[in-house]
Amino acid sequence: VWDNCLSFIQDNITPQAYKTWFEPIRAVKLTDNALSIQVPSKFFYEWLEEHYVKLLKVSLTKELGEHAKLVYVIRMENTYGNRQPFTEKIPSTNRSNKMKSQEVDAPFKNKNPELKNPFVIPGIRNLEIESQLNPNYNFDNFLEGDSNRLARSAGMAVANKPGGTSFNPLLIFGGVGLGKTHLAHAIGVQIKDRYPDKTVLYISAEKFTQQYIESVKKNNRNDFIHFYQVIDVLIVDDIQLLSGKAGTQDVFFHIFNHLHQNGKQVVLTSDKAPVDMQDIEQRLLSRFKWGLSAELQQPGFETRVSIIKNKLYQDGVEMPEDIVEFLANNIKTNIRELEGAIISLIAHSSFNKKEINLELAKKIVDNYVKHTKREVSIDYIQKVVSDYFQMDVDTLQSKTRKRHIVQARQLAMFFAKKLTKASLASIGSQIGKRDHATVLHACKTVDNLSTTDKQFKKYVEDLNKKLTM
Ligand code: ADP
Ligand code: MG
């Protein structure tokens, strides 16, 4: 029946409109003279009622006769869960026995102002809530390093035994772009994997707040609470956003208590430690501390390199080692920016059909760290200098008195003095455990040589370019 209606409709509207408004519809049930169709959202339903009611009516009447009825089934909006439609019945074409065009034209949307309550879930027992998890954020691609070891393994423990560890709630906190959202999803994904029957829900605190406000407006706060209380694993991202929102905090407090008392798992993320959270009620803060707070710190150099390599590997892209290290050396505080730099580097090079080289990498990195002005580290200087002279860093630092090695070392010291804020003593200790007098001597020697020795002058210029460009 629906197929016939569709072909009739298709003949009467533009292909674009058909694609947009009719293809997503699913016929779900047919009884006598009533056809139930499932539409993706309330908005969708309203649009159909507003613009296509006549067409629907005509097509349906053609198929089912004068007493044709159309029942809309609105799929739950994603956030509230999915697949389990709550079947608010809208008596749609029930006046069709009087098929006068005026009557047909009159939209019936106002007949049902209280369309539905998004939180009412029929048959709670086999409730299916779309968990809103992103399968691309999993443990396999959440690389381990010193900076995240505790949080990662606590997350694993929770994922293997949700509600069954003392990490309840598990609060993951750390700066922007350090993997909180990724880890939060990974926990959910793994739980879904191991315990498919558990109801897992990932939600950002922002969305939670919006839903709550909406529920108050629509007078169904209790349904809102009820909805959240049937969840087995609740993951709320960026709870610092609840700060200053007393109503939302209050409702969250109730939900939290209910879940916790019933052995359900709660996972939270925040950009600050609980002690630093402001405008969050004390009673909530103290709940947060019941379980485990685990910090995601800035990843060290090694971890940054492996994260970059892993991303490149996942994207099937190759990049020279020195560029990988350059990126890892220069973008330290935010993994998201690190990824962004990789992506734009790849994009630039493929757009302009250029090879990925250090020059391009530098340009791109400057876009990412413009404000902080790239700080050159002493490690980086030693690396660049030893590469330039084709030796390794150990050689550069060694005790040898071979002339070209001594010169390389002196150049490294000279640039460390010039380009970093480190003291002479600190430079000395980092470049092969020398004292401050040695560093001072090195700087003077480089100054002298670069005025008297042409070749040496070129070294200084080349290195300066490499280090500061
Ligand atoms: P946050 O929520 O803390 O701001 P995200 O979870 O959004 O940070 O992480 C930013 C990006 O960095 C994401 O693309 C994520 O996949 C990546 N990322 C973070 N930590 C890791 C890690 N340990 N291994 C691999 N990728 C990571
Ligand atoms: Mg995040």
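Student: How do the residues of the shell around ligand 1 divide into nonpolar, polar and charged?

Tutor: Ala, Val, Leu, Ile, Met, Phe, Trp, Tyr, Cys and Pro count as nonpolar, Asp, Glu, Lys and Arg as charged, and the others, Gly among them, as polar. Here the shell around ligand 1 holds six nonpolar, seven polar and three charged residues. This is a predicted model, in which local features need pLDDT of at least 70 and side-chain atom pairs count only at pLDDT 80 or more, while totals for chains, interfaces and linings use all residues. Residues are numbered from 1 along each chain as its sequence is written, and chains are lettered from A and ligands numbered from 1 in the order in which they are written.

Student: Which residues are the closest to ligand 1?

Tutor: A residue is near a molecule if its C-beta atom, placed from the backbone, lies within 6 Å of it. Ligand 1 is surrounded by 16 residues, the closest being Gly179, Lys180, Thr181, His182 and Ile335.

Student: Which helices and domains supply the shell around ligand 1?

Tutor: Helices (H or I, at least four residues) and strands (E, at least two) are DSSP runs, numbered from the N terminus. At least two residues of the shell come from each of α7 (180-194) and α14 (335-351). Domain 2 (149-296) and domain 3 (301-368) each contribute at least three; their bounds come from an automatic or database domain assignment.

Student: Where is there a cis peptide bond?

Tutor: Most residues other than glycine have a negative phi, and most peptide bonds are trans. In this model a cis bond, with omega about 5°, joins Asn168 and Pro169. Pro169 belongs to the loop between α6 (149-160) and β4 (170-174).

Student: What is the phi of Gln132, and is this residue buried, partly exposed or exposed?

Tutor: A residue is buried if 20 or more other C-beta atoms lie within 10 Å of its own, exposed if 12 or fewer, and partly exposed in between, with C-beta atoms placed from the backbone. Gln132 has a positive phi of about 65° and sits in the loop between α5 (101-105) and α6. Gln132 counts as partly exposed because it has 18 C-beta neighbours inside 10 Å.

Student: Where does Gln390 lie, and what is its phi?

Tutor: Gln390 lies in the loop between α16 (378-388) and α17 (393-397), and its phi is positive, near 50°. Gln390 has 9 C-beta neighbours inside 10 Å, and therefore counts as exposed.
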